[in-house]
Amino acid sequence: MQQADRPSLAEVFVSIGDPRQAGKVEHDLVELLVVAVSAVLSGADTFVEIEAWATERLDWLRNYLKLKHGIASHDTFGRLFGLIDPAQFEAAFRRWVGSVVPVLGAQVVAIDGKTSRRSGKVDATPLHLVSAFAA
């Protein structure tokens with residue numbers, strides 16, 4: 001698959017509906033999602049870390065995104081991910097990953113799963129963590 005055939009993160013995230021109120025939107029939905037995914041792929045685990053990562057790399061990010069109003073706050077990232085449709089996000093992200101994995105030449109995908117001890121309460125599901133690595 002050639003570089004031109006692969007959709008960018010921005011191209012796949014265009015398919016996600018924006019649940020925010022139009023008059024109150026300052027940051028572009030696609031740009032927020034691209035920044036968040038890029039930060040998480042770089043090791044950020046929380047919305048605060050996403051904001052910090054993006055703030056440190058603002059000049060680099062502006063090579064690819066407009067970011068007219070700069071980097072959104074961690075609260076904005078948190079609210080956004082609470083509002084977007086998880087199924088739409090998953091479908092778009094899977095589409096992007098599916099286009100990247102063949103280019104990486106991965107032949108084995110190692111999957112590791114763990115259940116956090118003492119995370120389940122009575123009548124509640126414990127926290128499960130699944131990691132996948134292309135090798």
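A polar contact is a pair of N or O atoms within 3.5 Å; within protein, one atom must be able to donate a hydrogen and the other to accept it, and residues adjacent in sequence count only if both atoms are side-chain atoms.

**View A. In helix α2, the side chain of S38 meets the backbone of V34.** The model shown is predicted: local features need pLDDT of at least 70, side-chain atom pairs count only at pLDDT 80 or more, and totals for chains, interfaces and linings use all residues. Residues are numbered from 1 along each chain as its sequence is written, and side-chain values use heavy atoms, with hydrogens and water left out. A polar atom of the S38 side chain lies 2.8 Å from the backbone oxygen of V34. An α-helix has 3.6 residues a turn, so residues three or four places apart point the same way. S38 has a relative accessibility of 17% and counts as buried (buried is under 20% relative accessible area, exposed over 50%, and partly exposed in between, with a 1.4 Å probe and protein chains only).

**View B. The whole protein is built from six helices and two strands.** Helices (H or I, at least four residues) and strands (E, at least two) are DSSP runs numbered from the N terminus. Along the sequence, the elements follow the pattern α-α-α-α-α-α-β-β. Of the 135 residues in the protein, 27% are buried.

**View C. Helix α2 is largely enclosed by the rest of the structure.** This description applies because eleven of the 13 residues of α2 are buried. The buried set runs through L29, V30, E31, L32, L33, V34, V35, A36, V37, S38 and A39. V40, which also belongs to α2, counts as partly exposed at 46% relative accessibility. The C-alpha of V40 lies 7.0 Å from that of I50, although the two residues are ten apart in sequence.

**View D. The two ends of α2 are marked by D28 and G43.** From its first C-alpha to its last, α2 reaches 18 Å, close to the 18 Å expected for its 13 residues at 1.5 Å a residue (the expected span is 1.5 Å times one less than the number of residues). D28 caps the N-terminal end of the helix, with a side-chain oxygen 3.3 Å from the backbone nitrogen of V30. After α2 comes G43, whose phi is positive, near 115°.

**View E. A salt bridge joins D18 and R20.** A salt bridge is a side-chain nitrogen of Lys or Arg within 4 Å of a carboxyl oxygen of Asp or Glu, and the structure holds three of them. The N to O distance between the D18 and R20 side chains is 2.8 Å. R20 is placed in the loop between α1 and α2. At 18% relative accessibility, R20 counts as buried, whereas D18 is partly exposed at 36%.

View F. R94 counts as exposed at 58% relative accessibility, and E90 is partly exposed at 41%.

**View G. E56 and R57 are linked by a salt bridge.** The closest N and O atoms of this pair are 3.2 Å apart. E56 is exposed, with a relative accessible area of 63%. R57 is partly exposed, with a value of 33%.

**View H. The second largest pocket is lined by 14 residues.** A pocket is an open set of points on a 1 Å grid over the protein atoms alone, where a 1.4 Å probe fits, with protein on both sides within 12 Å along at least five of seven lines; lining residues have an atom within 4 Å of a point. Nearest the centre of this pocket lie S8, L9, A10, Y64 and W96. The elements giving two or more residues to the lining are α1 (9-13), α2 (29-41), α4 (58-61) and α6 (86-104). The lining divides into ten nonpolar, three polar and one charged residue (Ala, Val, Leu, Ile, Met, Phe, Trp, Tyr, Cys and Pro count as nonpolar, Asp, Glu, Lys and Arg as charged, and the others, Gly among them, as polar). About 360 Å³ of space lies in the pocket, where volume is the space filled by probe spheres set on the points, joined across faces, edges and corners.
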